[in-house]
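Trainee: I would like to learn how to read the place where two parts of a protein meet. Could we go through one case together?

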Amino acid sequence: MGEREIGIGLLGCGTVGTGVLEILGRNVEAVTGHTGVPIRVRKVLVRDKSKPRRVALNQDILTTSFQDILDDDSIQIVVEVMGGLEPAGEYILGAFRRGKHVVTANKELLAKRGPEIFESSRKHGVMLRFEGSVAGGIPIIKPLEECLAANRIQEVMGIINGTTNYILTKMTSEGRQFEDVLREAQEKGFAEANPSDDIEGRDAAYKLAILASIAFGTEVSPDKVYTEGITKITPLDIEYARELGFVIKLLAIGKEVDGAIEARVHPTFVPARHPLASVNDAFNAIFVRGNAVGDLMFYGRGAGDLPTGSAVVADIIDVANSILSGVPAGAIGPGFVTWNGGRKISDIDSVSTRYYIHLKVIDRPGVLASIARAFGDHEVSLESVIQKGRGQNPVGLVFVTHRVLERNVRAALRVIKDLPVVMDISNVIRVEGEA
Ligand code: NAP
Ligand code: HSE
């Protein structure tokens, strides 16, 4: 009580840190309208003080020493937007030990070390907020933890990586090359410092681990999330998808099925008329199904400086208000999720869905029959088949299956791979949503 202003120590002044500073500067009236006192950025930690910054910044507040932030008693909130596991983890735990509250957008750290970090914040009686860690500017953590608290959540599913959605959108609508669009996403500040986290699906897996842990009240560690990225998607797959009435999206799917939790991230055929099919560029969208509220959809900008800064600054305001009102940290809101542990996370083999299967085969009579027999022997029922390039060798042969168990598809493909007429299994992509 009695605080006349709230002091911030900002760790990182890259894409998100710049967004935070810009919003605190540009929307000063809106921010102080919520807190009643000014929010002052006291220090900004960077690696290189001489680097040009996109925001006007008093050089005196730049530092390369985290100790400067720890030792500054006018800093009550540490805002970690530097990324990576270390030293970010060490800094957050250090801030807690000094009684400082933390706001972070670091999904990798929370997904991999969430239980330890939440436990430490509880132990030291300080707050931890992380709305910016999942889906950029879209409010999803607080809605799940607070607004939907009356529900048993049955499903969270959506597009939660802006970079890969940007790449797939441009490859689909403009026929552009993967590498060229990835470079553009990096220039726009959507991509992670290591963009392989985006394109290999790990960034989405970290976010799904956080979402699923909150939604299903159990720890879902990222190594339990089945993860495939978009690097194997070819223009031909995109073309086949279009012909069959689908678009390809990188989906993150968390579902409760027969008491167990399915958690998976992979490229997915989505029917062209499904609402997720029209989520383009760096936009994200998340469906949530609760047993009382029914279906909800959250949509907005999932990456970038101002959208992510919007979520981070809202967390700062939230923590500031709790400090100002003297509410004990452990008694309030997000950041204090209790994860029960112990719920079964399903293996990918036991997932049941539809599949797009693209083979390269020798074009000769009887080929289709031998492949169809292998599918039939493993209870994989086929919905449609397309053959491209009759007379050429090899030719593309594409199947879409009915809903089947993944382990049956895998068993059938082990047999099909060894058929002398099959040159290659070019791609296997799961299909979600009704046709
Ligand atoms: P970024 O542009 O690479 O910026 C990182 C900043 O942290 C830079 O200012 C860098 O200093 C500083 N930094 C990094 N390591 C440091 C160290 N060891 N000591 C001191 N300073 C250090 O990253 P970003 O895109 O803003 O992402 C930051 C975090 O937000 C990550 O956890 C990311 O996953 C998350 N996030 C990003 C987005 C997005 O759209 N970009 C959206 C949501 C969440 P220098 O400037 O001196 O190099
Ligand atoms: N690299 C992330 C993305 C940033 O592309 O979605 C937002 O978390």
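Trainee: Which domains does the domain assignment of the protein give?

Mentor: Please keep in mind that this is a predicted model. The assignment gives domain 1 as residues 6-137 together with 305-338, domain 2 as 148-301, and domain 3 as 349-431. For the pair we shall follow, the C-alpha centres of domain 1 and domain 2 lie 27 Å apart.

Trainee: How is the size of an interface often given?

Mentor: The size is often stated as the accessible area that is lost when the parts come together. Here the area buried between domain 1 and domain 2 is about 1300 Å², with carbon and sulfur atoms giving 71% of it. On the side of domain 1, Lys107, Ala111 and Val134 supply 40% of the area buried against domain 2, which is more than any other three residues supply.

Trainee: How many residues of each domain are in contact?

Mentor: In domain 1 there are 16 residues in contact with 16 residues of domain 2.

Trainee: How many salt bridges are counted between domain 1 and domain 2?

Mentor: The count is two salt bridges, and Lys107 also forms a salt bridge with Asp203, where the closest N and O atoms are 3.0 Å apart. Four residue pairs are in polar contact between domain 1 and domain 2, both residues being at pLDDT 80 or more.

Trainee: Which element gives the largest share of the side of domain 1 that touches domain 2?

Mentor: That share comes from helix 5, residues 107-123, with six residues. Taken by class, this side of domain 1 has eight nonpolar, five polar and three charged residues.

Definitions and conventions: Residues are numbered from 1 along each chain as its sequence is written. Chains are lettered from A and ligands numbered from 1 in the order in which they are written. This is a predicted model: local features need pLDDT of at least 70, side-chain atom pairs count only at pLDDT 80 or more; totals for chains, interfaces and linings use all residues. Side-chain values use heavy atoms; hydrogens and water are left out. Domain bounds come from an automatic or database domain assignment. Contact means heavy atoms within 4.5 Å. Buried area is the accessible area (1.4 Å probe) that two parts lose on being put together, summed over both. A salt bridge is a side-chain nitrogen of Lys or Arg within 4 Å of a carboxyl oxygen of Asp or Glu. A polar contact is a pair of N or O atoms within 3.5 Å; within protein, one must be able to donate a hydrogen and the other to accept it, and residues adjacent in sequence count only if both atoms are side-chain atoms. Helices (H or I, at least four residues) and strands (E, at least two) are DSSP runs, numbered from the N terminus. Ala, Val, Leu, Ile, Met, Phe, Trp, Tyr, Cys and Pro count as nonpolar, Asp, Glu, Lys and Arg as charged, and the others, Gly among them, as polar.
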